[in-house]
Amino acid sequence: MSLVVLQSIGIDMSSEKFDVCFKEQDINGKQTIKGTRSFENTSTGFKAYLGWCFKRRKQCKLIHVMEATGVYHEELCYYLYESGEDLSVQLAQKVKYFIKSLNLKTKTDKADAKAIAQMGLSCQVELWQPLSKGFKEIRDLSRTLSKLKQGRCRILSQLHALRRAHDTFEESLRVMEELAATYQKLIVESEASLLELVAQDDELKQRIARITTIKGVRTLTVVKLLAETDGFRRCSSIRKLVSYAGLDVVQNQSGKSIGKSRISKKGNVYIREALYMPALCAARHNKSLNVFYDRLVQRMPKKKQAVVAVMRKLLITIYSVWKSGQEYDENYQWK
(Lines give C-alpha, C1' and ligand atoms only; values in the text may rest on other atoms or scores of the structure.)
Protein backbone atom coordinates (compact mmCIF):
# COMPACT_ATOMS: atom_id res chain seq x y z
CA MET A 1 0.00 0.00 0.00
CA SER A 2 1.49 3.34 -1.14
CA LEU A 3 2.21 6.08 1.37
CA VAL A 4 -0.40 8.88 1.40
CA VAL A 5 1.32 12.28 1.26
CA LEU A 6 -1.59 14.73 0.91
CA GLN A 7 -5.29 14.84 1.66
CA SER A 8 -7.74 17.42 0.33
CA ILE A 9 -11.43 17.97 1.04
CA GLY A 10 -13.42 19.87 -1.57
CA ILE A 11 -16.40 21.79 -0.19
CA ASP A 12 -19.22 23.18 -2.32
CA MET A 13 -21.21 25.64 -0.19
CA SER A 14 -24.82 26.76 -0.38
CA SER A 15 -27.14 28.57 2.04
CA GLU A 16 -28.71 25.43 3.55
CA LYS A 17 -26.08 22.71 3.12
CA PHE A 18 -22.61 21.95 1.85
CA ASP A 19 -21.38 18.97 -0.19
CA VAL A 20 -17.92 17.54 0.46
CA CYS A 21 -15.55 15.16 -1.27
CA PHE A 22 -12.56 13.63 0.55
CA LYS A 23 -9.63 12.82 -1.74
CA GLU A 24 -6.06 11.74 -1.04
CA GLN A 25 -2.88 11.45 -3.09
CA ASP A 26 -0.16 8.86 -2.59
CA ILE A 27 3.58 9.15 -3.15
CA ASN A 28 3.15 7.98 -6.78
CA GLY A 29 0.67 10.75 -7.56
CA LYS A 30 -2.40 8.52 -7.62
CA GLN A 31 -5.55 10.24 -6.37
CA THR A 32 -8.32 8.33 -4.62
CA ILE A 33 -11.76 9.38 -3.39
CA LYS A 34 -12.29 8.25 0.21
CA GLY A 35 -15.83 9.54 0.67
CA THR A 36 -18.54 12.04 -0.28
CA ARG A 37 -21.36 13.44 1.81
CA SER A 38 -23.66 16.41 2.46
CA PHE A 39 -23.93 18.33 5.75
CA GLU A 40 -26.21 21.08 7.02
CA ASN A 41 -24.76 24.57 6.97
CA THR A 42 -25.18 24.91 10.75
CA SER A 43 -22.99 24.51 13.83
CA THR A 44 -24.34 20.95 14.23
CA GLY A 45 -23.39 20.20 10.64
CA PHE A 46 -19.90 21.61 11.20
CA LYS A 47 -19.31 19.28 14.16
CA ALA A 48 -20.58 16.28 12.19
CA TYR A 49 -18.32 17.26 9.28
CA LEU A 50 -15.17 17.38 11.43
CA GLY A 51 -16.05 14.01 12.96
CA TRP A 52 -16.49 12.54 9.48
CA CYS A 53 -13.09 13.95 8.44
CA PHE A 54 -11.36 12.60 11.56
CA LYS A 55 -12.28 9.00 10.64
CA ARG A 56 -10.48 9.34 7.28
CA ARG A 57 -7.55 11.45 8.41
CA LYS A 58 -3.98 10.08 8.14
CA GLN A 59 -0.56 11.26 9.27
CA CYS A 60 -0.07 13.75 6.45
CA LYS A 61 -1.09 17.27 5.47
CA LEU A 62 -4.85 17.80 5.13
CA ILE A 63 -6.43 20.93 3.71
CA HIS A 64 -10.08 21.99 3.37
CA VAL A 65 -10.70 23.82 0.08
CA MET A 66 -13.86 25.73 -0.72
CA GLU A 67 -15.21 28.31 -3.14
CA ALA A 68 -16.05 31.82 -1.96
CA THR A 69 -19.86 31.81 -2.17
CA GLY A 70 -21.23 35.15 -1.01
CA VAL A 71 -21.21 34.94 2.78
CA TYR A 72 -22.44 31.36 3.14
CA HIS A 73 -18.94 29.96 3.59
CA GLU A 74 -17.82 32.35 6.34
CA GLU A 75 -19.25 30.53 9.38
CA LEU A 76 -17.58 27.26 8.35
CA CYS A 77 -14.30 29.10 7.68
CA TYR A 78 -14.18 30.56 11.18
CA TYR A 79 -15.23 27.24 12.73
CA LEU A 80 -12.43 25.32 10.94
CA TYR A 81 -9.86 28.03 11.68
CA GLU A 82 -10.72 28.06 15.39
CA SER A 83 -10.49 24.24 15.36
CA GLY A 84 -6.88 24.47 14.12
CA GLU A 85 -7.59 23.22 10.59
CA ASP A 86 -5.82 24.36 7.40
CA LEU A 87 -8.25 25.77 4.86
CA SER A 88 -8.21 27.68 1.62
CA VAL A 89 -10.93 29.84 0.09
CA GLN A 90 -10.70 30.17 -3.68
CA LEU A 91 -12.31 32.82 -5.87
CA ALA A 92 -15.35 31.57 -7.77
CA GLN A 93 -13.78 32.57 -11.09
CA LYS A 94 -10.63 30.58 -10.34
CA VAL A 95 -12.65 27.47 -9.45
CA LYS A 96 -14.76 27.91 -12.58
CA TYR A 97 -11.73 27.90 -14.89
CA PHE A 98 -10.12 24.97 -13.06
CA ILE A 99 -13.30 22.92 -13.56
CA LYS A 100 -13.32 23.94 -17.23
CA SER A 101 -9.76 22.64 -17.58
CA LEU A 102 -10.96 19.21 -16.42
CA ASN A 103 -13.47 19.12 -19.31
CA LEU A 104 -16.28 17.96 -17.02
CA LYS A 105 -19.72 17.72 -18.57
CA THR A 106 -21.67 17.18 -15.36
CA LYS A 107 -22.59 20.21 -13.22
CA THR A 108 -23.84 19.22 -9.75
CA ASP A 109 -22.87 20.17 -6.20
CA LYS A 110 -21.28 16.74 -5.73
CA ALA A 111 -19.28 17.04 -8.98
CA ASP A 112 -18.11 20.53 -7.99
CA ALA A 113 -16.96 19.30 -4.57
CA LYS A 114 -14.98 16.55 -6.28
CA ALA A 115 -13.31 19.05 -8.65
CA ILE A 116 -12.49 21.44 -5.79
CA ALA A 117 -10.87 18.54 -3.86
CA GLN A 118 -8.74 17.81 -6.93
CA MET A 119 -7.80 21.49 -7.06
CA GLY A 120 -6.45 21.20 -3.50
CA LEU A 121 -4.25 18.26 -4.58
CA SER A 122 -3.10 19.69 -7.91
CA CYS A 123 -2.50 23.36 -7.11
CA GLN A 124 -0.61 25.29 -4.49
CA VAL A 125 -3.44 27.03 -2.65
CA GLU A 126 -2.93 29.84 -0.15
CA LEU A 127 -4.16 29.30 3.39
CA TRP A 128 -7.11 31.40 4.53
CA GLN A 129 -6.64 33.88 7.37
CA PRO A 130 -9.54 35.66 9.10
CA LEU A 131 -9.85 39.42 9.13
CA SER A 132 -8.62 41.00 12.34
CA LYS A 133 -11.59 41.87 14.58
CA GLY A 134 -11.21 45.64 14.27
CA PHE A 135 -11.01 45.62 10.48
CA LYS A 136 -13.92 43.17 10.17
CA GLU A 137 -16.18 45.57 12.05
CA ILE A 138 -15.01 48.42 9.84
CA ARG A 139 -15.49 46.33 6.68
CA ASP A 140 -19.04 45.33 7.60
CA LEU A 141 -20.03 48.92 8.32
CA SER A 142 -18.20 50.17 5.24
CA ARG A 143 -20.08 47.76 2.98
CA THR A 144 -23.36 48.74 4.62
CA LEU A 145 -22.54 52.39 3.90
CA SER A 146 -21.84 51.51 0.27
CA LYS A 147 -25.23 49.79 -0.08
CA LEU A 148 -26.97 52.77 1.55
CA LYS A 149 -25.40 55.16 -0.96
CA GLN A 150 -26.45 52.92 -3.84
CA GLY A 151 -29.99 52.78 -2.43
CA ARG A 152 -30.16 56.56 -2.05
CA CYS A 153 -28.92 57.06 -5.61
CA ARG A 154 -31.60 54.68 -6.88
CA ILE A 155 -34.36 56.45 -4.91
CA LEU A 156 -33.24 59.89 -6.11
CA SER A 157 -33.40 58.69 -9.73
CA GLN A 158 -36.93 57.36 -9.20
CA LEU A 159 -37.91 60.59 -7.44
CA HIS A 160 -36.60 62.64 -10.35
CA ALA A 161 -38.74 60.56 -12.75
CA LEU A 162 -41.84 61.01 -10.58
CA ARG A 163 -41.38 64.79 -10.47
CA ARG A 164 -41.09 64.97 -14.25
CA ALA A 165 -44.06 62.66 -14.88
CA HIS A 166 -47.53 64.05 -15.62
CA ASP A 167 -49.83 64.63 -12.64
CA THR A 168 -47.96 62.40 -10.17
CA PHE A 169 -49.93 61.54 -7.02
CA GLU A 170 -48.67 63.75 -4.16
CA GLU A 171 -48.64 60.88 -1.67
CA SER A 172 -46.20 58.94 -3.88
CA LEU A 173 -43.86 61.93 -3.96
CA ARG A 174 -44.09 62.35 -0.19
CA VAL A 175 -43.23 58.69 0.47
CA MET A 176 -40.24 58.76 -1.90
CA GLU A 177 -38.94 62.02 -0.42
CA GLU A 178 -39.16 60.57 3.10
CA LEU A 179 -37.36 57.44 1.92
CA ALA A 180 -34.56 59.55 0.39
CA ALA A 181 -34.29 61.53 3.65
CA THR A 182 -34.12 58.29 5.66
CA TYR A 183 -31.31 57.00 3.46
CA GLN A 184 -29.41 60.27 3.89
CA LYS A 185 -29.84 60.13 7.68
CA LEU A 186 -28.52 56.54 7.82
CA ILE A 187 -25.57 57.46 5.59
CA VAL A 188 -24.56 60.30 7.92
CA GLU A 189 -24.91 58.04 10.97
CA SER A 190 -22.88 55.24 9.33
CA GLU A 191 -20.08 57.62 8.32
CA ALA A 192 -19.93 58.97 11.88
CA SER A 193 -19.80 55.43 13.29
CA LEU A 194 -16.97 54.51 10.91
CA LEU A 195 -14.91 57.53 11.93
CA GLU A 196 -15.61 56.75 15.58
CA LEU A 197 -14.27 53.21 15.14
CA VAL A 198 -11.10 54.57 13.57
CA ALA A 199 -10.66 57.17 16.33
CA GLN A 200 -10.49 54.38 18.94
CA ASP A 201 -7.05 53.36 17.62
CA ASP A 202 -4.57 56.26 17.86
CA GLU A 203 -1.90 54.59 15.69
CA LEU A 204 -4.41 53.74 12.97
CA LYS A 205 -5.77 57.28 13.08
CA GLN A 206 -2.28 58.76 12.64
CA ARG A 207 -1.40 56.47 9.73
CA ILE A 208 -4.67 57.30 7.98
CA ALA A 209 -4.09 61.03 8.55
CA ARG A 210 -0.70 60.66 6.86
CA ILE A 211 -2.34 59.16 3.77
CA THR A 212 -5.07 61.81 3.57
CA THR A 213 -2.40 64.40 2.77
CA ILE A 214 -2.63 62.96 -0.76
CA LYS A 215 -4.90 65.36 -2.66
CA GLY A 216 -8.12 63.63 -3.64
CA VAL A 217 -8.05 61.08 -0.80
CA ARG A 218 -10.18 61.50 2.30
CA THR A 219 -10.45 59.46 5.47
CA LEU A 220 -13.40 57.29 4.41
CA THR A 221 -11.59 56.26 1.22
CA VAL A 222 -8.58 55.02 3.18
CA VAL A 223 -10.80 53.29 5.74
CA LYS A 224 -12.61 51.37 2.99
CA LEU A 225 -9.34 50.25 1.38
CA LEU A 226 -7.90 49.11 4.71
CA ALA A 227 -11.09 47.25 5.61
CA GLU A 228 -11.19 45.35 2.31
CA THR A 229 -7.50 44.36 2.47
CA ASP A 230 -7.21 43.81 6.24
CA GLY A 231 -4.74 46.66 6.52
CA PHE A 232 -3.04 45.48 3.27
CA ARG A 233 -2.09 42.21 4.99
CA ARG A 234 -3.92 40.27 2.27
CA CYS A 235 -1.59 41.71 -0.39
CA SER A 236 2.15 41.19 0.04
CA SER A 237 3.10 43.09 -3.12
CA ILE A 238 1.84 45.82 -5.43
CA ARG A 239 1.17 43.27 -8.15
CA LYS A 240 -1.05 41.19 -5.86
CA LEU A 241 -2.85 44.30 -4.63
CA VAL A 242 -3.65 45.51 -8.15
CA SER A 243 -4.89 42.03 -9.08
CA TYR A 244 -6.99 41.80 -5.89
CA ALA A 245 -8.62 45.11 -6.81
CA GLY A 246 -9.37 43.87 -10.34
CA LEU A 247 -7.31 46.70 -11.85
CA ASP A 248 -4.78 44.43 -13.57
CA VAL A 249 -4.63 44.72 -17.37
CA VAL A 250 -5.87 41.83 -19.53
CA GLN A 251 -4.31 41.71 -23.00
CA ASN A 252 -5.88 39.99 -25.99
CA GLN A 253 -3.31 39.14 -28.67
CA SER A 254 -2.69 36.12 -30.88
CA GLY A 255 -0.42 36.13 -33.92
CA LYS A 256 -1.25 39.16 -36.05
CA SER A 257 -4.55 39.68 -34.29
CA ILE A 258 -4.42 42.33 -31.58
CA GLY A 259 -7.58 42.81 -29.54
CA LYS A 260 -8.49 45.43 -26.98
CA SER A 261 -6.75 45.62 -23.61
CA ARG A 262 -8.94 46.11 -20.55
CA ILE A 263 -8.90 45.68 -16.79
CA SER A 264 -9.88 42.24 -15.52
CA LYS A 265 -12.53 43.37 -12.95
CA LYS A 266 -11.95 39.95 -11.35
CA GLY A 267 -11.30 41.41 -7.95
CA ASN A 268 -12.83 43.31 -5.07
CA VAL A 269 -15.53 45.60 -6.43
CA TYR A 270 -15.63 47.66 -3.20
CA ILE A 271 -12.01 48.76 -3.74
CA ARG A 272 -12.72 49.97 -7.28
CA GLU A 273 -15.87 51.70 -6.06
CA ALA A 274 -13.93 53.48 -3.30
CA LEU A 275 -11.25 54.71 -5.72
CA TYR A 276 -13.34 56.07 -8.59
CA MET A 277 -14.38 59.49 -7.23
CA PRO A 278 -11.00 60.13 -5.50
CA ALA A 279 -9.31 59.37 -8.85
CA LEU A 280 -11.48 61.97 -10.62
CA CYS A 281 -10.57 64.52 -7.93
CA ALA A 282 -6.86 63.61 -7.94
CA ALA A 283 -6.72 63.84 -11.74
CA ARG A 284 -7.62 67.54 -11.41
CA HIS A 285 -6.00 68.67 -8.16
CA ASN A 286 -3.06 66.33 -7.50
CA LYS A 287 0.01 67.78 -9.22
CA SER A 288 1.74 64.53 -10.23
CA LEU A 289 -1.45 62.65 -11.06
CA ASN A 290 -2.77 65.58 -13.08
CA VAL A 291 0.32 65.43 -15.32
CA PHE A 292 -0.06 61.64 -15.55
CA TYR A 293 -3.76 61.94 -16.44
CA ASP A 294 -3.25 64.64 -19.10
CA ARG A 295 -0.53 62.56 -20.76
CA LEU A 296 -2.80 59.51 -20.92
CA VAL A 297 -5.83 61.45 -22.21
CA GLN A 298 -3.79 62.58 -25.24
CA ARG A 299 -3.01 59.03 -26.34
CA MET A 300 -6.03 57.04 -25.15
CA PRO A 301 -9.31 56.92 -27.10
CA LYS A 302 -11.48 57.26 -23.97
CA LYS A 303 -11.01 59.49 -20.93
CA LYS A 304 -12.37 56.78 -18.65
CA GLN A 305 -9.32 54.63 -19.46
CA ALA A 306 -7.12 57.40 -18.12
CA VAL A 307 -9.31 57.62 -14.98
CA VAL A 308 -8.87 53.88 -14.38
CA ALA A 309 -5.10 54.30 -14.75
CA VAL A 310 -5.23 57.07 -12.14
CA MET A 311 -7.22 54.74 -9.85
CA ARG A 312 -4.46 52.17 -10.14
CA LYS A 313 -1.74 54.78 -9.55
CA LEU A 314 -3.61 56.17 -6.54
CA LEU A 315 -4.02 52.70 -5.03
CA ILE A 316 -0.29 52.01 -5.40
CA THR A 317 0.55 55.37 -3.84
CA ILE A 318 -1.70 54.74 -0.83
CA TYR A 319 -0.21 51.25 -0.42
CA SER A 320 3.35 52.61 -0.60
CA VAL A 321 2.72 55.34 1.97
CA TRP A 322 1.04 52.84 4.32
CA LYS A 323 3.84 50.28 4.04
CA SER A 324 6.73 52.76 4.25
CA GLY A 325 5.31 54.80 7.14
CA GLN A 326 6.75 57.92 5.51
CA GLU A 327 5.06 61.26 4.93
CA TYR A 328 3.59 61.72 1.46
CA ASP A 329 5.78 63.73 -0.90
CA GLU A 330 3.95 64.93 -4.00
CA ASN A 331 7.18 65.17 -6.00
CA TYR A 332 8.40 61.67 -5.08
CA GLN A 333 7.80 58.86 -7.60
CA TRP A 334 6.07 56.18 -5.49
CA LYS A 335 6.59 52.61 -6.75
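Me: Why does Lys 17 count as partly exposed?

Reply: Its relative accessibility is 31%. Buried means under 20% relative accessible area, exposed over 50%, and partly exposed in between (1.4 Å probe, protein chains only). The 31% of Lys 17 falls in between, so Lys 17 is partly exposed. This is a predicted model: local features need pLDDT of at least 70, side-chain atom pairs count only at pLDDT 80 or more, and totals for chains, interfaces and linings use all residues. Residues are numbered from 1 along each chain as its sequence is written, and side-chain values use heavy atoms, with hydrogens and water left out.

Me: What makes Lys 17 and Asp 109 a salt bridge?

Reply: Their closest N and O atoms are 3.4 Å apart. A salt bridge needs a side-chain nitrogen of Lys or Arg within 4 Å of a carboxyl oxygen of Asp or Glu. At 3.4 Å, the pair qualifies. Lys 17 sits in strand S2 (residues 17-26) and Asp 109 in helix H4 (residues 109-122), so the bridge ties together parts 92 residues apart in sequence. Strands (E, at least two residues) and helices (H or I, at least four) are DSSP runs, numbered from the N terminus. Asp 109 is partly exposed, at 33% relative accessible area.

Me: How do you know that Arg 139 is buried?

Reply: Its relative accessibility is 12%. That is under the cut-off for buried, so the word applies. Arg 139 also forms a salt bridge with Glu 74, the closest N and O atoms being 3.7 Å apart. Arg 139 lies in helix H5 and Glu 74 in helix H2 (residues 74-82), so this pair links parts 65 residues apart in sequence. Glu 74 has a relative accessible area of 23%, and is therefore partly exposed.

Me: Why is Arg 163 called exposed?

Reply: Arg 163 has 52% relative accessibility. Arg 163 is in helix H5 and Glu 177 in helix H6, so the pair joins parts 14 residues apart in sequence. Glu 177 is partly exposed, at 36%. Salt bridges that share partners also join Glu 74, Lys 136, Arg 139 and Asp 140 into one network. The structure holds 17 salt bridges.

Me: How do you know that domain 2 and domain 3 are in contact?

Reply: Contact means heavy atoms within 4.5 Å. By that rule, 16 residues of domain 2 touch 18 residues of domain 3. Domain 2 covers 133-200 and domain 3 covers 202-334; such bounds come from an automatic or database domain assignment.

Me: What area is buried between domain 2 and domain 3?

Reply: About 1,400 Å², of which carbon and sulfur atoms give 62%. In domain 2, Phe 135, Arg 143 and Val 198 lose the most area to domain 3, together 42% of what that side buries. Buried area is the accessible area (1.4 Å probe) that two parts lose on being put together, summed over both.

Me: What makes Glu 191 and Arg 218 a salt bridge?

Reply: Their closest N and O atoms are 3.9 Å apart. This is within the salt-bridge limit, so the pair counts. Between domain 2 and domain 3 the count is two salt bridges.

Me: Why is Arg 239 called exposed?

Reply: Its relative accessible area is 74%. Arg 239 lies in helix H9 (residues 238-244).
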